[in-house]
Amino acid sequence: MNSRGLRSQLKDSVPVTGLCPQAGDYGFPDTLRKGFSSVKNELIPSHPLELSEKNFQLNQDKMNFSTLRNIQGLHATLKLQMEYRAAKQIHRLPFLQSSNIALDTLRGSDDSIGFEDILNDPAQCEMMGEPHIMVEHKLGLL
């Protein structure tokens, strides 16, 4: 068999993808198993700067850790990472808004005011609800 005939057979047997990315067995999305599809989840960052801005805090922490390691040694970096993890684990009850003041203090950003401090109004929070039901849901009792 020549390569031209093999190529045409492969071309005919390869399914066309991209027309319906979450298609189920019958050609339409399987909503019961995979949930509702969202265009926002399928979008990639439109500009490289957008991806950089999403990872800004992570990159800033890595740079601070490497600087601290070069100046004071490995023990200082490990101690600060341990304190970061402990501060991230502190949570209030599910129906209360958390300010993360311990983490902001460790990062040194407790004296700066950003747009999230002003626009993040707890009265308009989506997490508001019946406290007993929310705690039971968090603990898996429902």
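Does Leu119 count as buried or exposed, and at what relative accessibility? At 65% relative accessibility, Leu119 counts as exposed; the label takes over 50% relative accessible area, while buried means under 20% and partly exposed lies in between, with a 1.4 Å probe and protein chains only.

Before going on, a word on what you're looking at. This is a predicted model, where local features need pLDDT of at least 70 and side-chain atom pairs count only at pLDDT 80 or more, while totals for chains, interfaces and linings use all residues. Residues are numbered from 1 along each chain as its sequence is written, and side-chain values use heavy atoms, leaving out hydrogens and water.

Back to Leu119, which sits in helix α8, residues 115–119. (Helices are DSSP runs of H or I with at least four residues, numbered from the N terminus.) Together with Ile113, Phe115 and Ile118, Leu119 makes a nonpolar surface patch of about 550 Å².

Now for the inside. In soluble globular proteins, nonpolar side chains tend to be buried together. Here the largest nonpolar core has seven residues: Phe65, Leu68, Ala76, Leu80, Tyr84, Ala87 and Leu103. Such a core is a set of buried Ala, Val, Leu, Ile, Met, Phe, Trp, Tyr and Cys residues joined through side-chain atoms within 4.5 Å. Helices α5 and α6 each give two or more residues to this core, and α6 supplies the largest share, four residues. Take Leu68 as a way in: leaving aside residues up to four places away in sequence, Leu68 touches Gly73, Ala76, Thr77 and Leu80, where contact means heavy atoms within 4.5 Å.

Thr77 belongs to helix α6, residues 74–89, and is buried at a relative accessible area of 6%. A polar atom of the Thr77 side chain lies 3.4 Å from the backbone oxygen of Phe65.

Over in helix α5, residues 56–72, you'll find Asp61. Asp61 is buried too, with a relative accessible area of 8%. What does the Asp61 side chain pair up with? A polar contact of 3.2 Å joins the side chains of Asp61 and Arg107; that term covers a pair of N or O atoms within 3.5 Å, and within protein one must be able to donate a hydrogen and the other to accept it, with residues adjacent in sequence counting only if both atoms are side-chain atoms.

Last stop: Ala102 in helix α7, residues 101–107. Ala102 is partly exposed, at 34%.

Note on methods. Patches are made of residues with over 30% relative accessible area and no salt bridge: like charges are joined within 9 Å, nonpolar side chains (Val, Leu, Ile, Met, Phe, Trp, Tyr) within 5 Å. Accessible areas come from the Shrake-Rupley method with a 1.4 Å probe; for residues, only the protein chains shown count as cover. A salt bridge is a side-chain nitrogen of Lys or Arg within 4 Å of a carboxyl oxygen of Asp or Glu.
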